[in-house]
Amino acid sequence: MPVLRARHSLALLLTLACPAAAADTAAIPIWSKAPPGSERRAGEAEQLEAGVYVHNVHRPSVTVSRPDARRANGAAIIIVPGGGHRMLVFQNEGMAPARALNRYGITTFVLKYRLAREAGSSYTIEGDAVADARRAIRWVRAHAKEYGVDPHRVGIMGFSAGGELVSLLADNPQPDAPAAADAIDRQSARPDFQILVYPGPLGIPARSVAGAPSAFIAAGSLDRCCATPALTLYTQLREAGVPAELHMFASTDHGFNVAVHNDRVSIQHWPDRLADWLSDEGWLTPSH
C-alpha cells in the first residue's frame with residue numbers, strides 16, 4: 001500500500017507540474033480603480049510570507065490558469081483561497097487547485113480578496129470580501145470571450161474561509177444591486193454552481209437556499225471547525241431540492257487542499273470526484 005500511495009502522490013505532483021496548464025503569472029485587478037473602501041490604501045504593496053501566504057491585499061485581483069487548448073471546454077471556476085481572513089493560502093488553496101482543475105479542461109481564476117481579520121484591517125467579510133468575490137464573477141463573465149469561457153458555466157470554489165465567502169454569496173440573501181459603476185457591474189454575480197471545500201461556519205446555516213446554485217461539498221470527518229457546516233449546508237440544500245453532493249472523508253482533518261500534505265488515497269483523488277460531479281451536472285459540456 002505505501003508503494004501504491006507513493007505512485008498516486010507522484011502522479012498528482014506530475015499533473016500539477018505539467019506545463020500544459022499555463023498560468024498567467026501576473027495578477028489582474030478586477031476593479032478598474034481602487035474598490036470602494038480601499039481608496040486610502042490602494043497603493044500599498046501586497047506582502048508575501050514564506051513564499052506562499054499573501055497579506056495586505058488592497059487591490060483585489062485574479063490570477064488566470066488555463067488548460068491545454070486541446071482539453072479546454074469553456075467551463076470556468078473562480079477559486080477563493082482560505083486563510084482565516086487573516087491571510088490567503090494562495091499556493092495550496094489557490095494555484096495548486098487551479099492546475100489540478102486545468103487537467104479537466106477548466107479555466108481557473110484564483111482570487112486575491114481583501115482580508116477583514118488581518119491586523120489593522122478596516123474591511124468586513126460580509127461587505128468587502130464578499131464584494132470582491134461578486135466582482136470576480138462579474139469580471140470573468142465580462143471577459144469570457146477573451147479567455148474562451150462560457151459566461152453561463154461560471155462556478156466558484158472556496159476553501160475554508162473562502163468557502164464562507166462562497167456560501168455568503170450563493171446561499172444567503174444578496175444586497176440590492178448598486179448602480180452600475182462600469183460595464184462589469186452590469187454582469188450577473190450569481191455563480192452557476194458552487195464548490196465548498198471544508199467551508200467555515202460563517203453564513204451557515206444559510207438563509208436563502210431556495211433556488212441556490214447546485215453544490216459540491218467536501219470536508220474531513222475529523223474537522224472540528226468545518227465538518228458540521230458542510231453537513232448542515234448539504235442538509236439544507238437537499239431539503240430545498242437543490243442538487244447537491246457531499247463527500248466526508250474518514251480519518252481526515254482540516255486543510256487537506258489537493259493532497260499536498262496528505263497521502264491518503266481518497267484525498268489524492270478527491271479532485272476526481274469533483275470532476276465526476278462537474279461532468280454529471282453538465283458543466284464540462286460545451287453548450288454548442
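A: Before reading the charges, note that Lys and Arg count as positive and Asp and Glu as negative, while His and the chain ends are not counted. Note also that the model is predicted.

Q: Under that convention, how many positive and negative charges does the protein have, and how far apart are their mean positions?

A: The protein carries 28 positive and 28 negative charges, and the mean position of the positive set lies 2 Å from that of the negative set.

Q: How does the radius of gyration of the protein agree with that of a compact globule?

A: A compact globule of 288 residues would have a radius of gyration near 19 Å, and the protein, at 18 Å, agrees with this. Along the principal axes, its C-alpha atoms fill a box of roughly 55 × 45 × 40 Å.

Q: Which secondary structure elements make up the protein, and what percentage of its residues count as buried?

A: The protein has eight helices and 12 strands, and 53% of its 288 residues count as buried. Among contacts with a separation of 6 or more, 76% come from residues 24 or more positions apart. Its accessible surface is about 12500 Å², with 53% belonging to carbon and sulfur atoms.

Q: What is a disulfide, and which residues form one here?

A: A disulfide is a covalent bond between the sulfur atoms of two cysteines. In this model, Cys225 and Cys226 form a disulfide, with their sulfur atoms 2.2 Å apart, and the count comes to one disulfide.

Q: Is Cys225 buried, partly exposed or exposed?

A: Cys225 counts as partly exposed because its relative accessibility is 39%, which lies between the cut-offs of 20% and 50%. Cys226 has a relative accessible area of 0% and is therefore buried.

Technical notes: Residues numbered from 1 in each chain as written. Predicted model: local features only at pLDDT ≥ 70, side-chain atom pairs only at ≥ 80, totals over all residues. Heavy atoms only, no water. Helix = DSSP H or I, 4+ residues; strand = E, 2+ residues; numbered from the N terminus. Rg over C-alpha atoms; globule rule 2.2 N^0.38 Å. Buried < 20%, exposed > 50% of the residue type's maximum accessible area, 1.4 Å probe, protein only. Contact = heavy atoms within 4.5 Å. Areas by Shrake-Rupley, 256 points an atom, 1.4 Å probe, with all protein chains shown as cover. Charge placed at Lys NZ, Arg CZ, Asp CG, Glu CD. Disulfide = S-S within 2.5 Å.
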